[in-house]
Every structure is written in C-alpha cells, then in structure tokens.
Amino acid sequence: MDTKITTLLIVLLPMSLMVLCCVEAQLAYNFYDDSCPNVESIVRTQMLPMLATDPTASAAFLRMLFHDCQVQGCDASILLDTENAEIAARRNFGIRKREEIGQIKSTLELLCPGQVSCADIIAMAARESVAFAGGPRFQIPLGRKDSTTSSHRQADIHLPSPRIGVDQLSNIFTSKGMELDESVAILGAHTLGTGHCINIVDRLYNPGPMDTMDLTYELFLKLQCPTKVPITNLTSVPNDSTPTLFDNQYFKDISLGKSLFGVDSSLALDPRTGPIVEQFAADPEHFFRAFSSAFVKLSSANVLTGSSGEVRLRCNQVN
C-alpha cells in the first residue's frame, strides 16, 4: 500500500472511531426502537393507575426528576439505597414515588430484560405526569445510563435553596443550555404540588428587603404555618391555587404577589424575568412550548451514555 495512504489511514482511523463513539454516546428519540420498541407505551400504561388514584402523584414524579438531574445529571442516583445515599439529603425531604419507579422497572425487566435504564424511566414518568395533569405532551430523547454512585453531600451542595435569586437561577439553568425564558418556564413546574412549611417559614417571619407578598396571601400562609419553627415537617401549602393541574396559574399567582417561595417572588419582581412571567400568565401555550423545550434540555444535560454508567437491574441498587 502507498506509504502516504497508509499514513493517512493511521491518522483518520482514530478520528473516525472518536466520531463513532460520540455518535453512539448521544441520546436519541429512537434509542429503544430495536431493544424495547414499546417502552413508552409500557411506561404510560403502568403510570395511568398511579396517577389516577393519587392526585399528588404528578407533582411527586416531576419533583423526583428535578432533584435527580440537579446533582449528578439525570442518572437515577436519587433511587439508590446505598450508605450516605443522595435521598438522605435534607433538601430531598418529601421525595416520593421511588418505589413506583421500581415497579415500572420490574415490568420492563420482564418484557425487555437489561435494556431500559432507571434514569430513562424517571424521565418518562415525569413527562407522563405533566401530560396527565393537563400539560403539554412532548417527546424526549432516551438512552441515559444509571450511575453507580450516590452522595447526600453532593445533593446538599447542588440542590438549590427555595430562596435563590434570579442570578443564581440563571446560572443553574444556562449551564444546562437554557435560554432565560426556558429558565423561567422550568420553574413553572411549581404549578404542581405543595411546599412544606419548613421551606417557607424563614421567608414568612424573616423576609428580605426585596421580598414582597400580597398581604391576604401572607395571612393565609401564616395560618397554615403559624410558628417560626414548624411543629411538624408534614404541614404543606399548595404551590398555587390549582396544585393538581399543570397550567399557567403559577405565573398568574406570582404576578399578583402570591408567591410561595422566595425564588417565585424574585421571578415576578426582577426586570429581566418579570415580563416573561407576564407573558406566560397571559398565554398558556407560550408557557407550554418553553417548558417542553426546557424539560428536554434539563433531562439531557450531563447524562451518562454509551459505556459510562450501567443499566441497573433493580433501581435501588447497583448491579
């Protein structure tokens, strides 16, 4: 063979292997077409009774995705029951429905053994929860792998406080490829579920100078959370006035000063994000489009793919 051609092949072959590796390592909308072609319909079928019998389930599955993705990327580390596990972090207080993810996994192991990751199940469950609660239905790429590590210390570091401001919020979500309107939209997930008194009493009884609140709403919150130190961690307050529906009520409420968390108030008052809040409050379809895009970016950032990670056989333990 010609020496120049041989040299060229030696140079190009490693480069082509690198390209192939990177292509294989990407998430894909058709990732399970060959290995588990009915995976999305299976997950949807398993989810329906869970969502239909518990009106708070949609919020729980969506919150699980957010907390999983914020720590090591969307890798199902929040499901592991190892020593010093992520789930033990104080900001993971109240995380629910981990066992239900395990039930879906057991079904998939019977139908598609060793194929579907727990990380992908969490992402699909959250997506189904949004649609079931009245929100948009959209496609997400799949192919995430599960982590083999989990750390409550990392969770305490990376899970944001409910009192963060717009600058911190923007830093968190721009690092995941989001535009500012998508960062605001992803906080619209607060349209589902409740907040615990333990996360709002500091704001109620020790407000910051820029932390304003509708007076009637403030009185309502103080009736629900009457002490600076909550008597119980179980007391909670709805995030907005329609806590089981995925709609744009959250943005309507915070634009009127009815903000449960400090970050909600910051969104409405900051001149950079206030106009976006008003747009979403006026146009639910605009919010839905931005949220769908933001969800895909959040659930695709810093994920394990290809030869990184594993597909756990049981979601709460490594293989």
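Biologist: Let me start with C69 and C74: are they buried or exposed?

Modeller: Both C69 and C74 are buried. Keep in mind that this is a predicted model, and that buried stands for under 20% relative accessible area.

Biologist: What makes C69 and C74 a disulfide?

Modeller: Their sulfur atoms are 1.8 Å apart, and the cut-off is within 2.5 Å, so the pair of C69 and C74 qualifies. The link of C69 and C74 is right-handed, with 115° about the S-S bond.

Biologist: How many disulfides does a search of the whole structure find?

Modeller: It finds four. Counting bonded cysteines along the chain, the pattern is 1-4, 2-3, 5-8, 6-7.

Biologist: How do you know that C36 and C112 are joined?

Modeller: Their S to S distance is 2.1 Å, which lies within 2.5 Å, so the pair counts as a disulfide. C36 sits in the loop between α1 and α2, and C112 in the loop between α4 and α5, 76 residues apart, so this bond links distant parts of the chain. The link of C36 and C112 is right-handed, with 70° about the S-S bond.

Biologist: Why are C36 and C112 called buried?

Modeller: C36 has a relative accessible area of 0% and C112 has 9% relative accessibility. The limit is under 20%, so C36 is buried and C112 counts as buried too.

Biologist: Why is the disulfide of C118 and C315 left-handed?

Modeller: The torsion about the S-S bond of C118 and C315 is about -100°, so the disulfide is left-handed. This pair also links distant parts of the chain, with C118 in helix α5 and C315 in the segment after α14, 197 residues apart. C118 is buried at a relative accessible area of 0%, and C315 counts as buried at 5% relative accessibility.

Biologist: Since C118 brings us to α5, how do you know that the span of this helix agrees with what it should be?

Modeller: At 1.5 Å a residue, the 15 residues of α5 should span 21 Å, and the end C-alpha atoms of α5 are 21 Å apart, which agrees.

Biologist: What makes α5 mostly covered?

Modeller: Of the 15 residues of α5, 14 are buried. After α5 comes G134, whose phi is positive, near 105°.

Biologist: What makes E40 and R127 a salt bridge?

Modeller: The closest N and O atoms of E40 and R127 are 2.6 Å apart. The rule asks for within 4 Å, so the pair qualifies. E40 is in helix α2 and R127 in helix α5, 87 residues apart, and both E40 and R127 are buried. Salt bridges that share partners join E40, R44, R127, E128 and R137 into one network.

Biologist: How many salt bridges does the count come to?

Modeller: The count comes to 15 salt bridges. One of them joins K222 to E218, the closest N and O atoms being 3.2 Å apart. K222 and E218 are four residues apart in helix α10, so they are separated by about one helical turn.

Biologist: On to the rings. How many aromatic pairs does the structure hold?

Modeller: The structure holds 13 aromatic pairs. In one of them, F287 and F288 have ring centres 5.7 Å apart and planes at 55°, so the pair is tilted.

Notes:
Residues numbered from 1 in each chain as written. Predicted model: local features only at pLDDT ≥ 70, side-chain atom pairs only at ≥ 80, totals over all residues. Heavy atoms only, no water. Helix = DSSP H or I, 4+ residues; strand = E, 2+ residues; numbered from the N terminus. Buried < 20%, exposed > 50% of the residue type's maximum accessible area, 1.4 Å probe, protein only. Phe/Tyr/Trp six-rings, centres within 6.5 Å; stacked < 30°, edge-to-face > 60°. Expected span 1.5 Å × (residues − 1). Salt bridge = Lys/Arg side-chain N within 4 Å of Asp/Glu carboxyl O.
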